[in-house]
Amino acid sequence: MHRTLITAAYGAFAVGPIGHVWYHKLDSIATRFHSPGSLRFVLLDTVIFSPLHILGYFGVMNVGERGSWADFSRKVEVDFVPTLAAELAVWPAIQAANFKFIRVDYQLLAVNLLTIFDSAFMSWCRATEDWMSVLFPGLKSPAPARPVVAGSGQSSSVEFSSNAMASKEGNQIFITVRRGKQYPPRTIDVRIKYEQTIRDLREAAAASFGLSLDLLQLFWRGRELTSATDGLTLLEANLHTGFSLQGYDLSEAPDYWPAVVQTPEGLAFETVAAAAS
């Protein structure tokens, strides 16, 4: 319900007014230079409006869900390109027909009718970490530069490519933790090397927050990090510099957002559990 209200507010107070001005401006440009529905006209709408719409939606939802700048940066880094690609697979054809056959006064209304479905998709994308990998397990979303593991067999030495972001001190992992209903949440960063484990990460985070390990609950890609994952190295867990985790200080009853459900592997965001079932 909370996410629905934020989405509705974004549509009413941002997309509605901006879209009204945008379509009238495009109509004047099209009338002056091109015929309505032309390829150049559709490309203009696609190249300018679609990316700004996605960034705006991710940003508004991040603020509404009390996320940090690290949360927003991570979401854009992982899911902006796949979300834009999904939008481009559908909207250009719709907009071509919209611009060609519908009067400019009703173009935004026509778009808004179809945006009901688009908003549901965007909301799911916003709430699901690395949604493309969840929806299409065989595909991978764009990710930061990754290390090249030297040698073979049991070798654990790591060489970094020239554009890798991990330093000798380790990967910089951002962790945002909420305590009950307190706002704003706290965000810290820890340095963990690729050969170190999830247990090392959890212990470093707990120490930074001044908590015992059993009072710090962390989530990665919408799933709880439990003792079962403690033995994984950062490389095995696909955690790299700049990535962020969400967590809760269990010294108070956690106010989970997004909502979570119990799974055999531990707690998971409802959207992630539903996509996996």
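Trainee: In which loop is Pro184 found?

Mentor: Pro184 sits in the loop between β3 and β4. Before going further, note that this is a predicted model, in which local features need pLDDT of at least 70 and side-chain atom pairs count only at pLDDT 80 or more, while totals for chains, interfaces and linings use all residues. Residues are numbered from 1 along each chain as its sequence is written, and side-chain values use heavy atoms, with hydrogens and water left out. Helices (H or I, at least four residues) and strands (E, at least two) are DSSP runs, numbered from the N terminus.

Tyr183 and Pro184 are joined by a cis peptide bond, with omega about 0°. Pro258 belongs to the loop between β7 (244-249) and β8 (260-263). Most peptide bonds are trans, and most residues other than glycine have a negative phi.

Arg221, in the loop between β5 and β6 (223-224), is not a glycine, yet its phi is positive at about 55°. Arg221 is partly exposed, at a relative accessible area of 27%; buried means under 20%, exposed over 50%, and partly exposed in between (1.4 Å probe, protein chains only). Asn238, in the loop between β6 and β7, is not a glycine either and has a positive phi of about 60°. With 14% relative accessibility, Asn238 counts as buried.

A nonpolar core is a set of buried Ala, Val, Leu, Ile, Met, Phe, Trp, Tyr and Cys residues joined through side-chain atoms within 4.5 Å. This core has 23 residues, and those that touch the most other members are Ile173, Ile175, Leu201, Leu216, Leu239 and Leu245. Two or more residues each come from β3, β4, α7 (198-209) and β5 (216-220). The largest share, five residues, is given by α7. Leu239 touches Ile173, Tyr194, Ile198, Leu201, Trp220, Leu234 and Leu245, leaving aside residues up to four places away in sequence; contact means heavy atoms within 4.5 Å. A separate core of twelve residues includes Phe58, Met61, Phe80 and Met122. In soluble globular proteins, nonpolar side chains tend to be buried together.

Now consider α7 itself. Its buried residues are Ile198, Leu201, Arg202, Ala205, Ala206 and Phe209. They cover an arc of only 130° around the axis, which puts them on the same side of α7; the arc is that of the directions from the helix axis to the C-beta atoms. These buried residues pack against β3, β4, β5 and β7. After α7 comes Gly210, with a positive phi near 70°.

The structure holds six aromatic pairs. Rings of Phe, Tyr and Trp (its six-membered ring) pair if their centres lie within 6.5 Å; planes under 30 degrees apart count as stacked, over 60 as edge-to-face and the rest as tilted. Phe219 and Tyr256 make an edge-to-face pair, 6.3 Å centre to centre with 75° between the planes. Phe219 is in strand β5 and Tyr256 in the loop between β7 and β8, so this pair ties together parts 37 residues apart in sequence. Phe219 counts as buried at 2% relative accessibility, whereas Tyr256 is partly exposed, with a relative accessible area of 22%. Phe219 also pairs with Phe269: the centres are 5.3 Å apart and the planes at 20°, so the pair is stacked. Because Phe269 lies in strand β9 (residues 266-269) and Phe219 in β5, that pair ties together parts 50 residues apart in sequence. Phe269 is buried, with a relative accessible area of 6%. Ring pairs link Phe219, Tyr248, Tyr256 and Phe269 into a cluster.

One more helix, α8 (residues 270-276), holds Ala273. Ala273 counts as buried at 17% relative accessibility. Leaving aside residues up to four places away in sequence, Ala273 touches Val261, Thr263 and Ala268.
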